[in-house]
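Visitor: I have a structure open and want to go through it with you. Can we start with the overall picture and then get to the contacts?

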Amino acid sequence: MNFALVLFLLLVATGVLWLIDRFVARKRRAPGSPSPWWVEYGASFFPVILIVFALRSFLVEPFKIPSGSMIPTLLVGDFILVNKWVYGIRVPVINKKIIDVEDPKRGDVMVFRYPADPSLDYIKRVVGLPGDKVEYLNKRLRINGEMVELAPQADYLHPDRLYYSPRFAEKLGDVNHSVLIERNTPAFVPHVLDFPYRENCTYTTAGVTCTVPEGHYFVMGDNRDASSDSRVWGFVPDENIVGRAFFIWFNFSDMKRIGGFH
């Protein structure tokens, strides 16, 4: 369900009722007589829906993490906030950018509409910018020919499955973060989809090499071997961008997770 569209339709409906009540119905009612219930409730909800719609469309939007593709940065069940204006002001519902602010940077945790099904929202980390050559071969990342260094960290314990994954510190742009890379998972990319600019990518048993087209981004999950991302379904076009994730505001299972992240 497109929640933005539903909210917009509710805004229009309650706004019409508010206008009818303010400029038509009040003048026709006898002094002291109550408004019809459908007018009263509709008109009273309009200011609330207007505030929610404005905040959600132009400032921040809440999301819930549904999968483990961004472990260890984000866990299943994390409720996060997404900055909607940092990448530009967009027209609600159609997501058309009307004012530029700044472009995504390497290392940003970005929410976007899944290119293969724009009704779904995905979250991944920005790895490649327009024009970049991104190589992920034998589980090592290179950008424009330069190796992205990995520093070993303490293994990560998955609390729901009680097993450990090798964890490494990685730096993309100015962002330091952790990634999980399994030792025993094959390096090749399985189940590759057909996607726009598929010809920009070369797949081998060692992994994938892609040149990012203009107006697009290459994204990956921090849980490298458990993430369906640009390696599988291609590039994220600029018009699909929703915003940058920046804060965990709740997690039912672990209240200590509340706070900012990179």
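**Domain, patch and salt bridges**

Guide: This is a predicted model. In the span of residues 39-250, 11% is helix and 43% is strand, and the end C-alpha atoms lie 36 Å apart.

Visitor: What does UniProt say about residues 39-250?

Guide: The UniProt record, an unreviewed entry, annotates residues 39-250 as "domain: Peptidase S26".

Visitor: Switching to the surface. Which residues form the nonpolar patch?

Guide: The patch is made up of L5, F8, L9, V12, V16, L19, I20, F23 and V24. Together these residues have about 710 Å² of accessible area.

Visitor: Where is V24 placed?

Guide: V24 is in helix α1, which covers residues 3-28.

Visitor: And why does V24 count as partly exposed?

Guide: Because its relative accessibility is 35%, and partly exposed covers values between the 20% limit for buried and the 50% limit for exposed.

Visitor: On to charges. How many salt bridges does the structure hold?

Guide: The structure holds 14 salt bridges. One of them joins the side chains of K97 and D100, at 3.2 Å from N to O.

Visitor: Is D100 buried or exposed?

Guide: D100 is exposed, as its relative accessible area is 61%.

Visitor: Which residues are linked with D100 in a network?

Guide: D100 is in a network of salt bridges with R90, K97 and D238.

Visitor: What about R244, which residue does its side chain meet in a salt bridge?

Guide: R244 meets E102, with an N to O distance of 3.4 Å. This pair links distant parts of the chain, 142 residues apart. R244 sits in strand β17 (residues 241-250), while E102 is in the loop between β4 (96-99) and β5 (109-113).

Visitor: How accessible are R244 and E102?

Guide: R244 is partly exposed at a relative accessible area of 24%, and E102 is partly exposed at 28%.

Visitor: Next pair. Which residue forms a salt bridge with K139?

Guide: That is D225, and the closest N and O atoms of the two are 3.4 Å apart. D225 lies in the loop between β15 (216-220) and α3 (230-233), and K139 lies in the loop between β7 (133-137) and β8 (140-143), so the pair ties together parts that are 86 residues apart in sequence.

Visitor: Is K139 buried or exposed?

Guide: K139 is buried, because its relative accessible area is 11% and buried means under 20%.

Notes. Residues numbered from 1 in each chain as written. Predicted model: local features only at pLDDT ≥ 70, side-chain atom pairs only at ≥ 80, totals over all residues. Heavy atoms only, no water. Patch = residues over 30% accessible without salt bridge, like charges linked within 9 Å, V, L, I, M, F, W, Y side chains within 5 Å. Areas by Shrake-Rupley, 256 points an atom, 1.4 Å probe, with all protein chains shown as cover. Salt bridge = Lys/Arg side-chain N within 4 Å of Asp/Glu carboxyl O. Helix = DSSP H or I, 4+ residues; strand = E, 2+ residues; numbered from the N terminus. Buried < 20%, exposed > 50% of the residue type's maximum accessible area, 1.4 Å probe, protein only. UniProt positions renumbered as here; feature names shortened; annotations may be inferred.
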